[in-house]
Amino acid sequence: MDNEFYKPRIVDSEIKLKLELSKAVCIQGPKACGKTWAAEHQAASEIKLGDATDNFANRRITMMDNSFALKGERPHLIDEWQEIPALWDVVRSEVDKVPEKGQFILTGSSTPVQKGIMHSGTGRISLLTMRPMSLYESGESSGKISLASLFKGNISEVVQAENPGIEKLAYYIVRGGWPSAVDLPYEHAYSFSADYVAGLIQEDIPRVAQSIDLLKMHRFMRSLARNESTTASKKVLMRDMNGEITDETVNSYLQILSRLFLLSPQQPFSPAVRSSLRLKQMEKRHFTDPSIAAALLGMRQDHLIKDLQTFGFLFESLVERDLAVYAVASGCRLMHYQDYKNNEIDAVVEAPDGSWGAVEIKLGAGEIDYAAKTLLKADKAMREASGKGASFLAVVCGLASYGYCREDGVNVIPVTALGV
């Protein structure tokens, strides 16, 4: 379905490929990240189960007759399929009737409870997770320095980029990567994010967890926001709640937020695949978009600018959101590094062949020297421990105008030049 306002997404090519290889594709991700538009861009027909027209007629009819949702030219889109979990099995059974690939596209912004799904879709329904827009997708990064190219060698010549300035950078964080918010005026960015979070609390979370204490969940989410881009333990989160929740409740709350695709944690990395670091170290906690954390903390753009420490953590979240988009598109994983000798790396991009690149994330250009030393120190420690060093070292900077490779081999990348 053509749409003149559609902004191409990096995931478009992956959706197309999966349609060519699988009988059905399920696009999952947080509400409002652009799943429906991306699916419509490649679908020949659709049914929207969340459409309120005629008192949710599509949903009511499909509940009485599941086959109603299957009618239409293929690839046929079933939007918000999780509203009727039985459709998973219906689609699974339907695609077995004919050998053709690319019969259905399913989209969903939450994972239904397992008891509503009788069979696995393995071999029939291919899963794909979609994230909010990166700065490259929203047109605010030129993408001149691609993540994939760094694995092939350092930046060979100086790349000029737009220095967004601190106000615009704060706007990018507070507005987030939501397609419907991309063109919002500066003064409306926070209102959109605040409304998004209010919708999560008042509508989405109660829908997937009907008996939950919403006040406690809201406070728990604020604790996660306070600890955004850190390896905060469950004990820290419980302490923030004054001991009002147990370890079991923390697990339950994290599971609920994960079912809504609101969390995007970074797993710990070590060059040695069997290293205990990959198991013992903490994951780094992130909301799937920095705007969620900003809204939960009540941080408008002007508040961020006055609180540079929080600004730094949320900027790191923004860059790691973008790195995750670019990494997945290249078949890589986004991780982080932390050893027992106080060596840390903000982001590690691990390629399918086991090679990896290390990235430090800094708000201002004045922090680049320190970040470079951190990278070189950590890389040296890993080379000595495992004999395997990084394929590239890079500092992604928020307030920089040029991308280049330093004499010590560390690449400097403006966030407005980073791409896939």
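Predicted model: local features only at pLDDT ≥ 70, side-chain atom pairs only at ≥ 80, totals over all residues.
**Exercise 1. Serine 355**

Solution. 
- Step 1. Now take phenylalanine 392, which is 37 residues from serine 355 along the chain. The C-alpha atoms of these two residues are separated by 9.4 Å.

**Exercise 2. The other end of S10, and strand S9**

Task: Locate asparagine 343 and arginine 333, and state how accessible asparagine 343 and arginine 333 are.

Solution. 
- Step 1. Asparagine 343 lies in the loop between strand S9 (333-338) and S10.
- Step 2. Its relative accessibility is 6%, so asparagine 343 counts as buried.
- Step 3. Beyond the neighbours within four places in sequence, asparagine 343 is in contact with Tyr337, Gln338, Lys377, Ala378 and Ala381.
- Step 4. Arginine 333 is in strand S9. With a relative accessible area of 43%, arginine 333 is partly exposed.
- Step 5. Not counting residues up to four places away in sequence, arginine 333 touches Arg278, Ala327, Val348, Val349 and Glu350.
- Step 6. Tryptophan 356 is 23 residues from arginine 333 along the chain, and their C-alpha atoms are separated by 9.4 Å.

**Exercise 3. Salt bridges**

Task: How many salt bridges does a search of the whole structure find? Describe the pairs of lysine 48, glutamate 94 and glutamate 320.

Solution. 
- Step 1. Side chains of opposite charge can pair when their charged atoms come close.
- Step 2. The search of the whole structure gives 22 salt bridges.
- Step 3. Lysine 48 pairs with glutamate 40; the closest N and O atoms are 3.2 Å apart. Lysine 48 is partly exposed at 31% relative accessibility. Glutamate 40 is buried, with a relative accessible area of 11%.
- Step 4. Glutamate 94 and lysine 97 form a salt bridge of 3.2 Å, N to O. Glutamate 94 is buried, with a relative accessible area of 16%. Lysine 97 is exposed, at 61% relative accessibility.
- Step 5. Glutamate 320 and lysine 284 form a salt bridge of 3.1 Å, N to O. Glutamate 320 lies in helix H14 (residues 308-329), and lysine 284 in the loop between helix H11 (277-280) and helix H12 (290-297), so this pair ties together parts that are 36 residues apart in sequence. Both glutamate 320 and lysine 284 are buried.
- Step 6. Finish with a network: salt bridges link Lys31, Asp204 and Arg207.

**Exercise 4. Helices H6 and H14**

Task: At what angle do helix H6 and H14 pack, and which residues meet?

Solution. 
- Step 1. Two packed helices are described by the angle between their axes and the distance between the axes.
- Step 2. Helix H6 (residues 165-175) and H14 pack at an angle of about 60 degrees, and their axes are 10 Å apart.
- Step 3. H6 and H14 are therefore oblique to each other. Their crossing is left-handed.
- Step 4. H6 brings Ile166, Leu169, Ala170, Tyr172 and Ile173. H14 brings Leu308, Phe311, Leu314, Phe315 and Leu318.
- Step 5. Sort the residues of this contact: 10 are nonpolar, with no polar and no charged ones.

**Exercise 5. Backbone details**

Task: Which residues does a cis peptide bond join, and where are alanine 32 and asparagine 242?

Solution. 
- Step 1. The cis peptide bond joins arginine 74 and proline 75, with omega about 10 degrees. Proline 75 is in the loop between helix H3 (53-64) and strand S3 (76-79).
- Step 2. Alanine 32 is not a glycine, yet its phi is positive, about 75 degrees. Alanine 32 lies in the loop between strand S1 (24-28) and helix H2 (35-40). At 34% relative accessibility, alanine 32 is partly exposed.
- Step 3. Asparagine 242 is not a glycine either, and has a positive phi of about 55 degrees. Its loop runs between helix H9 (234-240) and helix H10 (247-259). Asparagine 242 is exposed, at 64% relative accessibility.

Definitions and conventions: Residues numbered from 1 in each chain as written. Heavy atoms only, no water. Salt bridge = Lys/Arg side-chain N within 4 Å of Asp/Glu carboxyl O. Buried < 20%, exposed > 50% of the residue type's maximum accessible area, 1.4 Å probe, protein only. Helix = DSSP H or I, 4+ residues; strand = E, 2+ residues; numbered from the N terminus. Axes fitted to C-alpha atoms, helices over the stretch in contact; angles between N-to-C directions. Parallel < 35°, antiparallel > 145°, perpendicular 65-115°, else oblique. Left-handed = near helix turned anticlockwise from the far one by under 90°. Contact = heavy atoms within 4.5 Å. Nonpolar A, V, L, I, M, F, W, Y, C, P; charged D, E, K, R; others polar.
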